[in-house]
Amino acid sequence: MAVTIDGAISQIKLSGFKSIKKANLDLGNVNVLIGANGSGKSNFISFFQMMEFYLSSTDGLNEYVGRNGGASSLVYYGTGETKTIEAELAFNTNSGDNFYNVELGIAIGDKLYFKDEQVGFHRKGKLTNQPLLPLGGGGAYTRLLQISEDDPEYKNCFQTVKYIRNSMKRWSFFQFHNTTMESLIRGSSHKDSSNYLRSEGGNLAAFLYRLQEQFPRVFFSVVDTIKTIAPFIDRIIIEQEYASPYVRLKWAEKKPNSYLLDASQMSDGTLRAIAIITLLMQPQKPPVICIDEPELGLHPEAIVLIADLIKAASEQSQIIISTQSTKLVDCFEPEDIVVVERKDGGTCFTRLDSAKYQSWFDEYSISETWETNIFGGCP
């Protein structure tokens, strides 16, 4: 089950974040989090969303905290119970293991601040390794964004800082839940806003336009895959809006006329499917992809196809998903499954041991065994 993706997470220790009092989880290439409503699956994945925010800009942490109701909503049982959020991450490279530790404290105004950060690198095959290097803290934004090559204090470890920063900035969180008529995913987007797919899919049209122009084979493969889920679609076209730099997703049904419809006239499930298929089939994948409930709004047969795409993508990216879909769970191996439960007032994580439950798996599927609550994860 050891992770093999360069830049992927091999282990995470997390405490004090939302419902997670204290957790320690080893990760593989595929990680499927299952559990009852409110168990903490989405909370675990949203930790990576918070990191995505604070690595994106100097005001990213404040923005994330503000969007999520303040620091008191982000720490375990509020600021009266918990004073810090702490995380230790180890992630894989071909030459060794990188480490990043962060401690977030409570600041005035119901905000968070970086109390301490540490980085380190342990080369494979080396008997002794240096202790982690403290980067300091006290500010509203991460030291990973502040340290430069010209900083004499960190001259000897700048390459480690740079690698960790660049790897973590490529870890990606996705939640394609908002497909209302006002959502960004249904609208046009600037064609130059296409270096990566945004977490809410707000630049889906621009990202597909880039694939259409630069990776036409991938684009047409994406379209063909979409047609297997939505066979009523004849073609998908990404066009610029008049003389503007904005592009819009358009499509045509299998009818004699060639009338083009746009994303505003597409069903929620079909639009989510297009976003997930595009994400998983893109040619230049991030090292870590987190998806919250990829099955939402999808037909059962579409869920099977998405599972196949997840397994194919896991050869290049580490995949972390949360789900309650029994159909999706049955598409994976027992070792891929992480059971998420609330115990003793906090969220805990247990990876399935196939040997322990082999007698059950000989007769029943993973989902059927799950429904008996023999390994937990049920209400």
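Helix α1 passes α2 in a right-handed crossing, where a crossing is called right-handed if the near helix is turned clockwise from the far one by less than a right angle, and left-handed if anticlockwise. The model is a predicted one, in which local features need pLDDT of at least 70 and side-chain atom pairs count only at pLDDT 80 or more, while totals for chains, interfaces and linings use all residues. Residues are numbered from 1 along each chain as its sequence is written, and side-chain values use heavy atoms, with hydrogens and water left out. Helices (H or I, at least four residues) and strands (E, at least two) are DSSP runs, numbered from the N terminus.

**Helix pairs**

Two packed helices are described by the angle between their axes and the distance between the axes. Axes here are lines fitted to C-alpha atoms, for helices over the stretch in contact, and angles run from 0 to 180 degrees between N-to-C directions.

| Helix pair | Angle | Axis distance |
|---|---|---|
| α1 (residues 41–56) and α2 | roughly 135° | within 6 Å |
| α5 (residues 216–229) and α6 (residues 268–281) | about 140° | 10 Å |
| α5 and α7 (residues 300–313) | about 150° | 9 Å |

Angles under 35 degrees count as roughly parallel, over 145 as roughly antiparallel, 65 to 115 as roughly perpendicular and the rest as oblique. The helices α1 and α2 are therefore oblique to each other. Their contact (heavy atoms within 4.5 Å) is made by Ser-46, Gln-49, Met-50, Phe-53 and Tyr-54 of α1 and by Gly-60, Leu-61, Glu-63, Tyr-64 and Arg-67 of α2. Sorted by class, the residues of this contact divide into five nonpolar, three polar and two charged; Ala, Val, Leu, Ile, Met, Phe, Trp, Tyr, Cys and Pro count as nonpolar, Asp, Glu, Lys and Arg as charged, and the others, Gly among them, as polar.

With α7, by contrast in the naming of the angle, α5 is roughly antiparallel, and the crossing of α5 and α7 is right-handed. Here Thr-225, Thr-228 and Ile-229 in α5 meet Ala-302, Leu-305, Ile-306 and Leu-309 in α7, and the contact has five nonpolar, two polar and no charged residues.

**The antiparallel sheet**

Six strands form an open sheet in the order β2-β1-β4-β5-β6-β7, with antiparallel pairing, where two strands pair if DSSP finds at least two bridges between them. The edge strands, each pairing on one side only, are β2 (20–26) and β7 (133–136), and the twist averages 10° from one strand to the next. Strand β1 (residues 9–17) pairs with β2 over six bridges, and Lys-13 stands opposite Asn-24 in β2.

Two helices pack on this sheet: α2 (residues 60–67) touches β1, β5 (96–107) and β6 (111–123), its direction making about 125° with that of β6, and α3 (residues 158–169) touches β4 (84–92), β5, β6 and β7, its direction making about 75° with that of β5.

Strands β4 and β5 pair over nine bridges, with Val-102 in β5 as the bridge partner of Ala-87, and they form a hairpin with three residues between them. Strands β5 and β6 pair over twelve bridges, Phe-99 having Gly-120 in β6 as its bridge partner; these two strands form a hairpin with three residues between them, and Gly-109 in the turn has a positive phi of about 90°.

**Salt bridges**

A salt bridge is counted when a side-chain nitrogen of Lys or Arg lies within 4 Å of a carboxyl oxygen of Asp or Glu, and by this rule the count comes to ten.

**The mixed sheet**

Six strands form an open sheet in the order β8-β13-β14-β3-β15-β16, and the pairing is mixed. Its edge strands are β8 (172–174) and β16 (346–351), each pairing on one side only, and the twist averages 20° from one strand to the next. Three bridges join β8 to strand β13 (residues 288–292), and these two run parallel; the bridge partner of Ser-172 in β13 is Ile-289.
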